[in-house]
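Please open the model in your viewer and keep the selection panel at hand. The stops below are meant to be followed in order.

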Amino acid sequence: MSKAENVETIPAHPETATLEGKNKFIGFWLFLGGETVLFGTLFATFLALRNKTNGGPAAHDLFSLSTVFAATVILLVSSLTSVFAVMAMRDRAVGKMQFWFLITVLLGIAFLVLEITEFKEYLHEHLGYSTSAFSSSFYTLVGTHGCHVLFGVLWISTITIQAFKKGITTVTAPKYYVASLYWHFIDVVWVFIFTVVYLLGIAGR
Amino acid sequence: MSVNAESLMQPNQKNGLFSWLKTWLTTVDHKKIAVLYLFGGGLFFLIGGIEAMLIRLQLTAPENHFLTGSAYNQVLTMHGTTMIFFVAMPMIFAFMNAVVPLQIGARDVAFPFVNALGFWLFFLGGIILNLSWFLGGAPEAGWTAYAPLSTEYLGRGMDFYVLGLQVAGAGTLMGGINFLVTIINMRAPGMTFMRMPLFTWTAFVTSALILFAFPALTVGLFEIFFDRLFGGNFFNATNGGNSIIFEHIFWIFGHPEVYILILPSFGILSEVISTFSKKRLFGYHSMVFATILIGFLAFMVWVHHMFTVGLGPIANTIFALATMAIAVPTGIKIFNWIFTMWGGQIRFTTANLYAVSFIPTFVMGGVTGVMLAIPAADFQFQDSYFVVAHFHYVIVGGVILGLFAGLYYWWPKMFGRCLNETLGKINFWFFFIGFHVTFFPQHFLGLMGMPRRYFTYLPGEHLTTLNVVSSIGAIGMAIGVITLVVNIVYTFVKGEKAEGDAWGTGRTLEWSIPSPAPEYNFAQTPLVKGIDTYWKEKMDGNKKVTAAEPLGDVHMPSPSIMPFLMSISLTIVSFGFIFSDKGVHRTVSFAVAGIGIAMMLGCMLVRSIKDDSGFHIHKEEIIETEKGMSK
Amino acid sequence: MSKPSNTSLYMERQKRKRELTYYLVSFFMMLLLTGLSFAAVAMKGIEKHFTAFFIVTLAVIQVAFQLYYFMHLKDKNHGMPALFIYSGAFVAFITVLAFVSIVWIS
């Protein structure tokens, strides 16, 4: 099948055009339902332990509004760029889709760099993983989110590179689509992290 | 190639052992994966059973020195953990794999690859856990692994517990998602949700519970893991941690978990009783409603495991009321089964004996459950043998009796041969009577003050007689299980060939196709006209179910070794972390874990790059196969 | 699969345009909500409990934008995804509720 033919014959929503696509689509949403519980439990643990600083540094000693704001905007913009990528996918524009996914990945990397420098700084200020119950639950919650970002970066990179060869078909479209769902979900989690962990931490409540 | 006695027992003469091994290691066929789950679960059932016998042996006499202290704790912990995670769970997945796609008229599950991955993760998780016996001692904190006991006071056995369950839990979660999507997306034309057989309904709700309960366990295990290996402080009270958090997390997972176990048994009961009463299931809609309600309430009651922690009268009252509310939907189910039998032409096959015996046994477990739901009473009962008796009545008397009913009922569909009925009845009576003799006295042992989890008791406490009775009952159960094993071997060698509609009164779609089901399940996708569609067609005088499509080529997924390799990778990761305590040089073990993670990511990359186009079974081949199959 | 006709292609384009507007509006709304949250915390002198309540509410609204517009939960055929996400959110919510109320040592 040539590429030109693909462009003409694939339907408006290529991600759910086949049964396999529909399965991936529903299956991934269900997985996100499970992830919600996973992060919910981590948030719950954090909320129960966030004032247990054991004499170590507390949230309001460490967090700075500007860093968190930068990280938040980076992730929010990357969420928008991955929306653009899915739009391009539905327009069957491979190059455009790859471009937007590339931007998404770069923003993801920027976020990770920011997070790593931030963690380094906290270590400097003597907030080690085993300093207090607050530090353990903080690093675990935010670190789990960071691992999700890292995995997303790797995942989106591999499928974007593969797009050179495979293009947009009813086989590949579901993959691009669920990867973008995953990326949005990362931002959903981050919204609660910046609110509950950082802002409430700085507000001192 | 179909799953039958020949292909299972003997390697193909022409291709030898290697080819046989390759078939089973690479299969993505849900019917073969069902067999893998069944025998994987069966293996762990025998191990867990031996552990149970050792416990009874120790408790037969007061101040016995057969298994003391740590050794007893290890056997006890492994018995509980094995039976819940590596026996009941895989047995449930065995039947879900074998039956759900057939009941909804599907050719396969939604994610055949993930299905195979789920099995291998479960199996290797079980292997990791059981290897602890040979590598420095098994976990010994009970199946609940409460912190800080599990985090601060015990040795490497707990690392085996954490990582074994983590690996197996990942597999279970995948299995749950797979069956949810299968049921949502792959029902045959006309198979609306309210026409689904009840076993499929319970599989659906159970899978949803798995989806929402297992992530909590994942987090709980990770927190123990970080506390143990990286100096985390989640449960370390000295540094501000709080061990009550673990109890909450464990039971937020743990209570749904016990409903994950019991719901499929409810489903099996509904199928077996209606088939052998030759009657439609009484109150189908109320059954569906009750199943969903039980699933919802599963997440509302976890604190009843923690009444004595001291969370205060308000919390205890709310959760006590929610717990008692569960008796309502469960009661609906009990009455529906009884009314299904009422006026039916009942046949007491072994499957039906198990199903019918389930009802009074489970009611007894339910009644003690309501007793335990009263906080004031629970303060007296808790951590005594009364609790042990209660949960064995619901898990053995409920889950296991249901699963055995399913085993006898669907064995012909899975293997093409019927299990022997005479041996089956011997199996049933020994197991059933043995069960009651074992666990009924334990209610009274509990009320007399015998605490659970202790390795011994004193001679003057009047506990000896009932403990001896209990141990004698355990021998009865063991004889029952041995008879079952004999029956299985006998059936593989000399069993009667089963017809497509093996019991003659099959009602649901799985009985409309040959036994064992051909690789493609349905030559033509069936058109479903109502509840119990196959029975309807038979009553209309049709031999076959109306087809929804013309005969054509069938697309199948290719077998793959990837699921096995991925599971091996995670096993390597686990062993890396298990041996990363002070005993071994840390960098070495972390390097091993790193290699495992890299292998896992590599496998995922290969899986992403290599698209599986599958293969086709051609029309002519299907016609040929259908002719050759016994109907 | 048949070739889409010109009319349907045109309809499709119009829909895309509308979608783009939705995306951009949602994006700026989310940005605004984020800004409001940060401003509420940066400003001194506001009652702490009120701030907490205010910013958590904003977070929920922002997540709704993300889910309904960016992740298309508003589109048809999203009944099952919505059911399961809400169920997951419900379980997560009662977990959080329990952990801020009944963990014994507070």
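Helices (H or I, at least four residues) and strands (E, at least two) are DSSP runs here, numbered from the N terminus. What you see is a predicted model, in which local features need pLDDT of at least 70 and side-chain atom pairs count only at pLDDT 80 or more, while totals for chains, interfaces and linings use all residues. Residues are numbered from 1 along each chain as its sequence is written, and chains are lettered from A and ligands numbered from 1 in the order in which they are written.

**First stop: chain A**

Select residues 26–202 of chain A, which an unreviewed UniProt entry lists as "domain: Heme-copper oxidase subunit III family profile"; UniProt positions follow the numbering used here, feature names are shortened, and annotations may be inferred rather than shown by experiment. This stretch of chain A is 84% helix and 0% strand, with its end C-alpha atoms 38 Å apart.

**Second stop: chain C**

Now select chain C, whose secondary structure comes to 3 helices and 0 strands. Its radius of gyration, taken over C-alpha atoms, is 20 Å, well over the 13 Å that the globule rule gives for 106 residues, so chain C is more spread out than a compact globule. That rule is 2.2 Å times the number of residues to the power 0.38. Along its principal axes, the C-alpha trace of chain C spans about 65 × 35 × 10 Å.

The unreviewed UniProt entry lists residues 20–43, 49–71 and 83–105 of chain C as "transmembrane region". Select residues 20–43 of chain C, where the chain is 96% helix and the end C-alpha atoms are 34 Å apart, and then residues 49–71 of chain C, where the chain is 96% helix and the end C-alpha atoms are 32 Å apart.
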